[in-house]
There are 2 protein chains.
Amino acid sequence: MPLPQTEMPGRLQAYCAERGIRMTQQRRAILGVMETASKHLDAAQLLRKAQKLDASVDRSTVYRTLRLLKRQGLIDELDLMHIHGEGHYYERKLNRDHIHMACLRCGKIMEFVSDIFEKLKSQVEKDCRFRIVVSRLEIGGYCAHCSK
Amino acid sequence: MPLPQTEMPGRLQAYCAERGIRMTQQRRAILGVMETASKHLDAAQLLRKAQKLDASVDRSTVYRTLRLLKRQGLIDELDLMHIHGEGHYYERKLNRDHIHMACLRCGKIMEFVSDIFEKLKSQVEKDCRFRIVVSRLEIGGYCAHCSK
DNA sequence: ATCTCAACTGCAACCAGTTGCGACACGGGG
DNA sequence: CCCCGTGTCGCAACTGGTTGCAGTTGAGAT
C-alpha cells in the first residue's frame, strides 16, 4: 500500500510517470478529464467526458483508474452524504485535507479547512498509535441560508 | 471498546411508536435483529437474520427500513473505508458521535471518542453558520500492530 | 368488530460498482 | 525497429442498492 502526499495541482500524468505507472490511451483520456474538470465529478460524468477524448473507454476502466488514483493518494472519494443518490464523487487531492458539508435541503456542497481537524488527526495518531493514510469527514445539515 | 448506550438498550420499537411510525411484521423482525445484534452489520447479514424471524422479508424492505431509521437519526451508516468491498454497515446511534478507524492491512475496526471532535463540530457550526444534523469521520491507515 | 385508506410490501427491472477472462498494447531490451 | 512479457482493456456476468407498480395490511375511526 503506497503512501499519499501530494503538493501541486495540475500534473497527474507526470506523477504517474514518476511512479512507473504505465500510460495508456484510455488513462490519458481519464487523467485529462480529471485535470481540467471542476471538482466533485461522479463516475458517470467522468466516463462520458473521457469517451469524448477516446470513444473506446469502458466503464470498468474508469473505475479501475479511479481505484488506482485513490491508492496512489492522488484523488479523494466522497459520498457527499448520499444527497444525490448512492454514487460517489471524486476530486483531486489538495495539499490539505478539507471537510465537506452538504446541505440536506438545497444540496449545496461546502468545504472547510480547519486547524482543529489537523489537531484531531494528530490526537488519533498519538492516542491510538494509528498511522493515518486517508481520512474523510463529511457533515450533513442545513446551510446558513436554509436554516433560516 | 464498549460505549455507554443511549438509555435502555434495545428499544428501537418504542422510539418508532413514539414517533408514530407504523409497525409491521417485517419491521418488527428487522428492528429485532438491529436491537440484539452486535455492531457493524451489513445489509445482507441483516436480511438473512431478519428472514429467520419472518421469511417474507424482502431485500428492498430491509433497505427501505434502514433508510427510515437513518432519517430518524436512530442508526448511522458507515463505509468503513470500503475495506471489505463496496457495501455499507449500520450501527445503532449512541449518545456521542465516534470516529471509526479501519486498518488497511488487517481490517480491524476501531472506535474513538474525542472532545476535539466535538470542538471541531462547534467550530463548523459557528464559523460556517451550518446547523449539523449528522456527521461521519472515517479514517483509513495502519493500526499499532500492523505499522510495526 | 368492521371499515377505510394511506402507508407498507414483494416483485421485477433498473442504476452503481466489481470481477474473471481472453485479447491487446505499452515500452524496455535485443 | 521489432519482439516479447506483463499490465491493461473491453466485455459480460455478477453483487449491492434503488424504484415504480400493483396488491396488502396496520391501526384509527365508527
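Of the atoms of DNA strand C within 4 Å of the protein, 66% are sugar or phosphate atoms, and base atoms make up the rest. The model is predicted.

**DNA strand C**

DNA strand C is surrounded by 22 residues. By type, the surface near DNA strand C holds 10 charged, 8 polar and 4 nonpolar residues.

Three helices each supply at least two residues of this surface: H4 (59–71) of chain A, and H2 (25–36) and H4 (59–71) of chain B. H4(A) provides the largest share, 5 residues.

Bases of DNA strand C are reached by arginine side chains. For B:Arg22, an N or O atom of the side chain is 3.2 Å from a base nitrogen of DNA strand C. The side chain of B:Gln26 has an N or O atom 3.0 Å from a sugar or linking oxygen of DNA strand C.

**DNA strand D**

How many residues surround DNA strand D? There are 22, and the closest are A:Arg27, A:Ser56, A:Thr61, B:Arg59 and B:Tyr63. Sugar or phosphate accounts for 66% of the DNA strand D atoms within 4 Å of the protein, with bases giving the rest. The surface near DNA strand D comprises 4 nonpolar, 8 polar and 10 charged residues.

Here H2 (25–36) and H4 of chain A, along with H4 of chain B, each contribute at least two residues. H4(B) gives the most to the surface near DNA strand D, 5 residues.

A polar backbone atom of A:Val57 is 3.5 Å from a phosphate oxygen. An N or O atom in the side chain of B:Tyr63 is 2.6 Å from a phosphate oxygen. In A:Arg22, an N or O atom of the side chain is 3.2 Å from a base oxygen.

| Residue | DNA strand | DNA atom | Distance |
|---|---|---|---|
| B:Arg22 | C | base nitrogen | 3.2 Å |
| B:Gln26 | C | sugar or linking oxygen | 3.0 Å |
| A:Arg22 | D | base oxygen | 3.2 Å |
| A:Val57 | D | phosphate oxygen | 3.5 Å |
| B:Tyr63 | D | phosphate oxygen | 2.6 Å |

**The two domains of chain A**

Chain A is assigned domain 1 (1–95) and domain 2 (96–148). Their contact takes 16 residues from domain 1 of chain A and 17 residues from domain 2 of chain A. The C-alpha centres of these two domains are 22 Å apart.

Between domain 1 and domain 2 of chain A, about 1300 Å² is buried. Carbon and sulfur atoms give 56% of that area.

Domain 1 and domain 2 of chain A share 9 residue pairs in polar contact, both residues at pLDDT 80 or more. Strand E2 (residues 75–78) of chain A makes up the largest share of the domain 1 side that touches domain 2, with 3 residues. That side divides into 7 nonpolar, 6 charged and 3 polar residues.

The rule finds 2 salt bridges across the interface of the two domains of chain A. A:Arg136 and A:Glu77 form a salt bridge, with their closest N and O atoms 4.0 Å apart.

Terms used
Residues are numbered from 1 along each chain as its sequence is written. Chains are lettered from A and ligands numbered from 1 in the order in which they are written. This is a predicted model: local features need pLDDT of at least 70, side-chain atom pairs count only at pLDDT 80 or more; totals for chains, interfaces and linings use all residues. Side-chain values use heavy atoms; hydrogens and water are left out. A residue is near a molecule or strand if one of its heavy atoms lies within 4 Å of it. A polar contact is a pair of N or O atoms within 3.5 Å; within protein, one must be able to donate a hydrogen and the other to accept it, and residues adjacent in sequence count only if both atoms are side-chain atoms. Helices (H or I, at least four residues) and strands (E, at least two) are DSSP runs, numbered from the N terminus. Ala, Val, Leu, Ile, Met, Phe, Trp, Tyr, Cys and Pro count as nonpolar, Asp, Glu, Lys and Arg as charged, and the others, Gly among them, as polar. Domain bounds come from an automatic or database domain assignment. Contact means heavy atoms within 4.5 Å. Buried area is the accessible area (1.4 Å probe) that two parts lose on being put together, summed over both. A salt bridge is a side-chain nitrogen of Lys or Arg within 4 Å of a carboxyl oxygen of Asp or Glu.
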